[in-house]
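Please examine the sequence and the structure before reading on.

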Amino acid sequence: MSLLLTALLTALASEIKVTPFNGEAFRFGLGSITFFLIILIHPPASLVRTGFFTGLFVVCFRSLADIMVQPDFILASIRQNLPAFLFYFLFALGLSIFQIEKYKTFPLLLGSIAAGMEIIGNGAEHIMRTLFLDHADLGFRDWALLIAVALLRSYFVVGIYSSITVSEQKKRMQEMLEVGSGLYSETLYLQKLLNHIEQITASSHELYRKLKKSNQPELSVQALLIAQEIHEVKKDSQRILSGLTKITIEKGNDELFLSDVLGFVVSANEKYSAMLGKKITINLKMTIDFITHQHIQLLALLNNLTANGVEAIAEKGKIDIEIKEELEFILFIIKDSGNGIPEKDLSIIFEPGYTTKFNDHGVAATGIGLSHVHEIVHTLQGKIDVESQTNEGTTFRVLLPAENIRKR
């Protein structure tokens with residue numbers, strides 16, 4: 001099916017054409033562009049077989065179209081269209097010999113190889129027409145035109161393919177960053193959990209000592225067993241934390257522009273608001289941009305605050321994100337037009353367990369989002385402030401030292 005689809009699309013595209021010389025026989029169409037682009041996007045199992053079948057299909061397709069107009073033109077039509085087979089076969093054969101898969105990351109080289117193969121294919125097609133169909137030989141200008149068209153078509157296809165590849169790479173990078181920021185948030189939560197486990201272990205061991213001193217052997221043994229079991233849980237949690245930390249460090253080795261991080265935040269939350277059935281406009285204003293090595297932390301921080309804004313808006317509204325430089329600090333302002341936070345809650349919103357989100361059954365969310373945000377800001381040695389009014393919206397202001405997030 002893939003082979004047939006390639007041949008069919010190439011044949012159809014080849015009918016969109018211009019015939020600069022030698023009448024209708026020799027054409028410059030979109031067939032070669034379509035054929036080359038399909039090969040790059042969806043590499044076939046065998047380039048030679050694909051070129052052979054596509055060339056044969058194009059000949060049959062064109063001949064059939066001629067016969068439908070002139071039924072008595074069967075042999076002449078096949079003879080006239082047969083040279084086109086040579087072009088597709090030689091073009092695919094050449095790409096196969098050069099193993100173009102190795103050159104996909106080198107667009108200039110890839111384009112020159114494809115142009116060279118197209119020149120050879122078109123040249124062979126014309127020579128065949130000259131020998132067997134008594135066509136006039138091409139002059140210097142004609143060959144110059146043939147070479148120019150080959151270069152134009154080849155680099156045009158390479159440009160389209162590179163654009164598609166860059167788009168896919170950006171999409172994969174966004175997905176990886178989202179996973180990385182999620183893992184980073186979980187490491188913060190797990191670290192807090194470990195600190196809590198440490199406290200419980202110490203308390204259990206202290207209880208064991210007191211029970212032993214008070215001559216209660218059975219209860220003291222139970223307290224010791226509890227302390228040992230908690231210690232095992234702690235060791236398992238430490239192994240999990242170590243693995244998560246290693247992953248986030250590996251994902252954090254790359255460097256991105258701050259504008260790229262904000263682009264991912266805006267894109268992700270536009271999709272999130274659409275998924276929730278809300279009409280939310282996200283406006284981004286940046287007066288500064290730089291390369292950051294803290295993109296995982298910044299993505300987790302900004303994405304969390306923006307997602308909170310999305311959730312705070314009932315049906316429609318807007319979120320304004322502004323980034324600017326203030327002396328030796330970078331200021332991030334995230335303002336939403338949502339329901340706001342009650343004044344009595346403003347002092348506790350960064351505490352673990354605080355939430356205003358409940359499901360249909362009245363069960364509260366985990367409430368660890370803003371505590372994560374506070375922890376990230378603390379890790380980056382910054383500070384965060386919040387202003388909110390009920391039914392008017394909330395504004396978060398995050399101030400981070402530029403030296404801690406900007407690559408030197």
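Does Leu327 count as buried or exposed, and at what relative accessibility? The model is a predicted one. In it, Leu327 has a relative accessibility of 80%, and therefore counts as exposed, since the cut-off for that class is over 50%. Leu327 is found in the loop that links strand S6 (316-326) and strand S7 (329-336).

Most residues other than glycine have a negative phi. The loop between helix H11 (369-379) and strand S8 (383-389) holds Gln381. Because its relative accessibility is 59%, Gln381 counts as exposed.

**Two helix pairs**

Two packed helices are described by the angle between their axes and the distance between the axes. For helix H1 (residues 2-14) and helix H2 (residues 31-41), the axes come within 7 Å and cross at roughly 155 degrees. Angles over 145 degrees count as roughly antiparallel, so this description applies to H1 and H2. The crossing of H1 past H2 is right-handed. On the H1 side, the contact is made by Thr6, Leu9, Thr10, Ala13 and Ser14, which meet Gly31, Thr34, Phe35 and Ile38 of H2. By class, this contact of H1 with H2 comprises 4 nonpolar and 5 polar residues, with no charged residues.

For helix H4 (residues 74-81) and helix H5 (residues 83-98), the axes come within 4 Å and cross at roughly 30 degrees. Angles under 35 degrees count as roughly parallel, and H4 and H5 are therefore described in that way. Arg79, Gln80 and Asn81 of H4 meet Pro83, Ala84 and Phe85 of H5. The contact of H4 with H5 contains 3 nonpolar residues, 2 polar residues and 1 charged residue.

**The protein as a whole**

The protein has 12 helices and 9 strands. Of its 408 residues, 40% are buried. The accessible surface of the protein is about 22,800 Å², and carbon and sulfur atoms account for 60% of that surface. Among contacts between residues at least 6 apart in sequence, 72% join residues at least 24 apart.

Terms used. Residues numbered from 1 in each chain as written. Predicted model: local features only at pLDDT ≥ 70, side-chain atom pairs only at ≥ 80, totals over all residues. Heavy atoms only, no water. Axes fitted to C-alpha atoms, helices over the stretch in contact; angles between N-to-C directions. Helix = DSSP H or I, 4+ residues; strand = E, 2+ residues; numbered from the N terminus. Parallel < 35°, antiparallel > 145°, perpendicular 65-115°, else oblique. Left-handed = near helix turned anticlockwise from the far one by under 90°. Contact = heavy atoms within 4.5 Å. Nonpolar A, V, L, I, M, F, W, Y, C, P; charged D, E, K, R; others polar. Buried < 20%, exposed > 50% of the residue type's maximum accessible area, 1.4 Å probe, protein only. Areas by Shrake-Rupley, 256 points an atom, 1.4 Å probe, with all protein chains shown as cover.
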